[in-house]
Amino acid sequence: MQNQVQLGVIFQRRFSPGVVKLKELLSQGRLGKINYAGCYAKLYRSQEYYDSGAWRGTWQLDGGGVLMNQGIHYVDLLQYLAGPVVEITARCATVGHERIEVEDTAAATVTFASGAIGIIEATTNAYPGLVSRIDLYGSEGSAIIENDDLVYISLKSGEQFSTSVAADQVGVSSPQVTDENHEQQFRQFIAALQNKETMNVNGSEGRKALEIILAMYKSAFLGQPVALPLTDSLFLRDLAAQSAKRKGFAMYAIHNKQ
């Protein structure tokens with residue numbers, strides 16, 4: 001606030017009713033200690049999608065592939081619901097598209113500060129575009145978010161909570177997205193500015209998912225586990241250069257063995 005301005009980051013999926021309800025239950029400890037948390041973004045983007053703009057699939061202008069462009073919203077939900085990540089071991093690759101530098105498929109094992117373990121999976125090769133999901137398994141119950149909707153919850157206490165499937169699933173396989181959650185977040189932005197309050201999704205919140213994805217890139221690039229918080233991002237320069245040369249995500253550990 002040194003310059004008397006606020007920074008807000010668009011993570012509209014946090015504002016969907018299902019996510020809001022699950023966050024409330026987690027804050028109340030209803031699921032107990034989270035033991036496992038998984039993030040699965042099974043999307044589809046055609047070759048024509050990447051060919052439609054020279055910036056698509058490049059490190060310089062796209063900033064990354066399925067993780068950075070599409071999957072970041074679900075990576076954000078994972079850490080928002082399950083808590084901070086402390087270590088990641090990842091693999092990223094370009095396997096289903098041509099003429100792109102960035103990853104179209106990624107997978108990682110994740111260790112959370114709470115001691116929970118989990119998985120991050122993301123791809124734009126899942127024709128025709130399948131469900132994107134967050135799984136949480138706790139000592140007192142389990143919950144599943146699909147496409148922002150709380151579709152399943154079961155608690156040992158026997159408490160019942162209604163779940164519903166969203167009628168409009170656009171955005172799962174389509175580059176288009178609905179605007180209802182965006183509207184809710186913009187309303188919060190405006191209220192924060194009017195009342196001189198901190199935005200719910202400020203710069204610090206936005207950085208969390210970004211750091212997780214950069215840690216995945218670093219782990220895949222170096223072929224080793226990476227601890228968070230990150231100490232540097234200089235590896236991105238070499239990663240981008242190697243990926244541009246190879247026309248695909250470059251993993252030093254893999255290529256150096258060949």
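Student: Which residues does I88 touch in this predicted model, not counting residues up to four places away in sequence?

Tutor: I88 touches A108, T109, V110, I212, A215, M216, S219, Q224, P225, V226 and L228. Contact means heavy atoms within 4.5 Å, so each of these residues meets that cut-off with I88.

Student: What makes L31, I88, I120 and Y217 stand out in the largest nonpolar core?

Tutor: Of its 62 residues, these four touch the most other members. Helix α3 (residues 66–82) gives the largest share of this core, ten residues.

Student: How do you know that strands β2 and β3 pair?

Tutor: Pairing takes at least two bridges. Eight bridges join β2 (residues 85–93) to β3 (residues 105–112), so the two strands count as paired. They run antiparallel, and A90 stands opposite A108 in β3.

Student: Why are β7 and β8 said to stand at the edges of the sheet?

Tutor: The open sheet has eight strands in the order β7-β6-β5-β1-β4-β3-β2-β8, with mixed pairing. β7 (149–155) and β8 (226–227) each have a single partner strand, so one side of each is left without a neighbour in the sheet.

Student: Where does α5 lie relative to the strands?

Tutor: Helix α5 lies across β2, β3, β4 (117–123) and β8, at about 55° to β2.

Student: How do α5 and α6 cross, and which residues make the contact?

Tutor: The axes of α5 (residues 203–222) and α6 (residues 235–246) come within 11 Å and cross at roughly 65°. The crossing is left-handed. L214, Y217, K218 and F221 of α5 meet F235, L236, D238 and L239 of α6.

Student: What kinds of residue make up that contact of α5 with α6?

Tutor: Six are nonpolar, none polar and two charged. Lys and Asp count as charged, so K218 and D238 are the charged residues here.

Definitions and conventions. Residues numbered from 1 in each chain as written. Predicted model: local features only at pLDDT ≥ 70, side-chain atom pairs only at ≥ 80, totals over all residues. Heavy atoms only, no water. Axes fitted to C-alpha atoms, helices over the stretch in contact; angles between N-to-C directions. Helix = DSSP H or I, 4+ residues; strand = E, 2+ residues; numbered from the N terminus. Left-handed = near helix turned anticlockwise from the far one by under 90°. Core = buried A, V, L, I, M, F, W, Y, C linked by side-chain atoms within 4.5 Å. Buried < 20%, exposed > 50% of the residue type's maximum accessible area, 1.4 Å probe, protein only.
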